[in-house]
Amino acid sequence: MKIELTKEWCLQMARMEIDAGADIEIGAGPVAADPTIRYSESAMEHVPDPNIAFGRFVRLMRRHHHLTLEKLAEDADVEITELVEIEDDSRHKPEPRTVYQLAKRFQVPTTKLLQLAGLSAPKDARLVHEAIRFAARSDPVEELSENERAALEAFVSVLSELQ
Amino acid sequence: MNVEISSAFLLDVATGQALEAELWDAITERQLADWEGEWTPALMQAIQNLNRAGIERRFWPQSRHWDWRRKADAFKGLLSKPGFSVMCQDMTQGMMIVDTLSAARLSSQTGKPLVYIEFLENAPWNRKGLVLAEPRFQGVGSLLMRAAIELSLNEDFKGRIGLHSLPQSDTWYANTCGMTDLGVDAQKEGLRYFEMTPEQSQAFINKGNQP
């Protein structure tokens, strides 16, 4: 099957791959299987750890910007029900689009927020370490304190610094 | 095997230059030899580095167990399971196997035939941070997606395609490709299932034609 592909089309799409975040992997297919072999268990690794840091980050950033859930949902053009789950249920896996929109609204690197949300593999072990530290320093129940504000600002700096 | 080769281009990330490439409508011994001799050693070295860096296994390349020779052998001769590959600088840069006997699940397209992408993989050196700090070439994924769409059009499936995304690729399919996310498929190892309607496939093609 012959396909007509212009140079312009190929390069435009290649640049869009870069714009999307060059560290986004492009792949598809079941992770375990060869079609000739039936595996008795999935090769997908169980992910036991909840996205505590991601939900905490979203909550604090929202409060830092003095936004209600409704206002944030409206500003970021995301479903409010998902925002509630992100903040309240650390086991919730967010939609990729939601994370993308939140990154735009909070002006933090999309790729890093995707990694924090568990939607993409962290390429820097420091992000995981800093996320845990941030989650440990921030308390979701209390009002945004000076310490929470300092922790949030420090973590935002880390997200922006990491290559 | 009668192979049709289409001219294409990839972007050399380091130089920003366009490089001549080829889109093959097959996976032949040549591609499999590259997979065995180049992809696999590079991938194994990358995994060793990840392991030594203490990165958890759940973040390792999720296609690391794939055996392209077994996949190709299993589907050899099946007209409903064509393969595609991307070549550049005399090396295989990407491979894909599709299925033409699947049907759409999206409510507006339910039951209509589509091209289902069984497996799609980019060469290890084209994935940022895996082998090289920056990808060597960009554009491989787009070429393979275009091939799937063109096959769908050729089969009179109107450009409909579907796939189960590797988790690390969810954002690409959702945002850049503009596919519809039908959610987690418990029957497919919890992977997210995406589909592209005829309109979405035309929009994907049009993206590359924008000035």
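A salt bridge is a side-chain nitrogen of Lys or Arg within 4 Å of a carboxyl oxygen of Asp or Glu. K81(B) and D99(B) form one, with their closest N and O atoms 3.0 Å apart. The pair links distant parts of the chain, 18 residues apart: K81(B) sits in the loop between α2 (68-75) and β3 (83-88) of chain B, and D99(B) in strand β4 (residues 91-103) of chain B. Helices (H or I, at least four residues) and strands (E, at least two) are DSSP runs, numbered from the N terminus.

This is a predicted model, in which local features need pLDDT of at least 70, side-chain atom pairs count only at pLDDT 80 or more, and totals for chains, interfaces and linings use all residues. Residues are numbered from 1 along each chain as its sequence is written, chains are lettered from A and ligands numbered from 1 in the order in which they are written, and side-chain values use heavy atoms, leaving out hydrogens and water.

How enclosed are such residues? Buried means under 20% relative accessible area, exposed over 50%, and partly exposed in between (1.4 Å probe, protein chains only). K81(B) is buried at 18%, and D99(B) is buried at 5%. D156(B) and K158(B) also form a salt bridge, at 3.2 Å between the closest N and O atoms. Here D156(B) is exposed at 53%, while K158(B) is partly exposed at 42%.

Now look at chain A. R105(A) and D75(A) meet in a salt bridge of 3.4 Å, N to O. R105(A) lies in helix α5 and D75(A) in helix α3 (residues 69-76), so the pair ties together parts 30 residues apart in sequence.

Next comes strand β9 (residues 191-196) of chain B. Six of its six residues are buried, so the strand is largely enclosed by the rest of the structure. Two strands pair if DSSP finds at least two bridges between them. β9(B) pairs in the antiparallel sense with β7 (residues 161-165) of chain B over five bridges. It also pairs in the antiparallel sense with β8 (residues 180-185) of chain B, over four bridges. E195(B) is the bridge partner of G162(B) and of T180(B).

Finally, the two chains meet. In chain A, 53 residues are in contact (heavy atoms within 4.5 Å) with 70 residues of chain B. One salt bridge crosses the interface. E95(A) forms a salt bridge with R192(B), the closest N and O atoms being 2.9 Å apart.
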